[in-house]
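Hi everyone, thanks for making time this morning.

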Amino acid sequence: QPGARCALFTLSCINALNFADRYVPAAVKTSMEKDLQINDWQSALPSMAMTAVFTVASLIFGFLADREILDRRIILASGIAFWSFATALAGFAQDLIQLVVFRALVGVGEAAFATIASPMIADFYPGPQRNRAYTIFGLSAPVGAAIGFGIGSMLGAHLGWRYAFFVCGFPGVMVAFSVLVLNDPPMGINDDAEDPMHLEDSESDESSESDAPKRWFQEEKQLLGNVYFFLATMGSVAIQFALGGLTEWYPTFLVRFAEMPESM
């Protein structure tokens, strides 16, 4: 679709900022615990709150995007600006409660981006080209995580942990509205070519709006009954579980047990 490369580049750069913001707290956990006088359990609460809010908000934004209630570029821009501003706000936290609230708000903005960006890429690229597009988009995640760890640890060690949140948060606010100028192809524009039954399903859907709840249940049952989808999802859950533990605690482990300075 027209503007596909520009959209992929823009969304990939924003995805890198997304992961940079997500991993900043782990990079400055030692300094943050000392300044706010909190223990390890308490310092994990902000990430838990963000994940919980992210889960619930994803369902809401998915519904809004599917129903096309609002231009998805507006949802994207608002979500990016919101999570970036919330990241910067965490630098002003004076106690654990404020830190938990601000990090929970990050989950709202990240949910908007994560729910909409991937389907949007699918609408830009047909099947044969989509794997390459998702590879580029996916590679921006570890790049962003590395930026978050690097900038966060260096700024945290030399200027204080609050500056790490400021520096990683405010750039997202400035670039958020760049998505408004992207082309937005019709939702599902590639579906008919990839699934010949899709057109028939769409026509039958329009003629049976009253059967929507029943149809939704049948679709969910069919999806959950797909053993390949189930195994792939469980594998993804396992990967995220491992990555979550490593990224949350590995920097602190290096500081405490390898006796490395936080900036390293």
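Let's start with arginine 22 and glutamate 110, whose side chains meet in a salt bridge with an N to O distance of 2.8 Å. Arginine 22 sits in helix α1 and glutamate 110 in helix α5, so this pair ties together parts that are 88 residues apart in sequence. Please keep in mind that this is a predicted model.

How many salt bridges does the structure hold? There are eight.

Another one joins glutamate 248 to lysine 29, with the closest N and O atoms 2.7 Å apart. Here glutamate 248 comes from helix α11 and lysine 29 from helix α2, so the pair ties together parts that are 219 residues apart in sequence. Glutamate 248 counts as buried at 12% relative accessibility, and lysine 29 is buried as well, at 1%.

There is also a salt bridge between the side chains of arginine 73 and aspartate 71, at 2.9 Å from N to O. Aspartate 71 is partly exposed, with 29% relative accessibility. And if you look for Glu33, Asp40 and Arg256, you will find them linked in a network of salt bridges.

Lysine 29 and Glu33 bring us to helix α2, residues 29–36. Which of its residues are buried? They are Lys29, Met32, Glu33 and Leu36. Looking down the axis of α2, these buried residues fall within an arc of 100°, so they line one face of the helix. The cover over them includes α1 (4–27), α3 (40–66), α5 (96–124), α7 (161–175) and α11 (227–257).

Glutamine 37 has a positive phi of about 55°, although it is not a glycine. Glutamine 37 is also exposed, at 72% relative accessible area. Now move to the segment after α11, where glutamate 259 is found. Glutamate 259 likewise is not a glycine but has a positive phi of about 55°, and at 69% relative accessibility it counts as exposed.

Back in helix α1, take a look at serine 12. Serine 12 is buried, with 7% relative accessible area. What does serine 12 touch, leaving aside residues up to four places away in sequence? The answer is Ile136, Phe137 and Ser140.

On to the annotation. An unreviewed UniProt entry places "transmembrane region" features at residues 44–65, 74–94, 100–122, 134–157, 163–182 and 223–243. I checked two of those spans against the model. Residues 74–94 are 76% helix and 0% strand, with end C-alpha atoms 32 Å apart. Residues 163–182 are 65% helix and 0% strand, and their end C-alpha atoms also lie 32 Å apart.

Last stop, the surface. Phe63, Ile69, Leu70, Ile74, Phe177, Leu180 and Val181 form a nonpolar patch there, with about 690 Å² of accessible area together. One of these, leucine 180, lies in the loop between α7 and α8 (191–194). Leucine 180 counts as partly exposed, at 38% relative accessibility.

How values were computed:
Residues are numbered from 1 along each chain as its sequence is written. This is a predicted model: local features need pLDDT of at least 70, side-chain atom pairs count only at pLDDT 80 or more; totals for chains, interfaces and linings use all residues. Side-chain values use heavy atoms; hydrogens and water are left out. Buried means under 20% relative accessible area, exposed over 50%, partly exposed in between (1.4 Å probe, protein chains only). Helices (H or I, at least four residues) and strands (E, at least two) are DSSP runs, numbered from the N terminus. The arc is that of the directions from the helix axis to the C-beta atoms. Contact means heavy atoms within 4.5 Å. UniProt positions are given in the numbering used here, feature names are shortened, and annotations may be inferred rather than shown by experiment. Patches are made of residues with over 30% relative accessible area and no salt bridge: like charges are joined within 9 Å, nonpolar side chains (Val, Leu, Ile, Met, Phe, Trp, Tyr) within 5 Å. Accessible areas come from the Shrake-Rupley method with a 1.4 Å probe; for residues, only the protein chains shown count as cover. A salt bridge is a side-chain nitrogen of Lys or Arg within 4 Å of a carboxyl oxygen of Asp or Glu.
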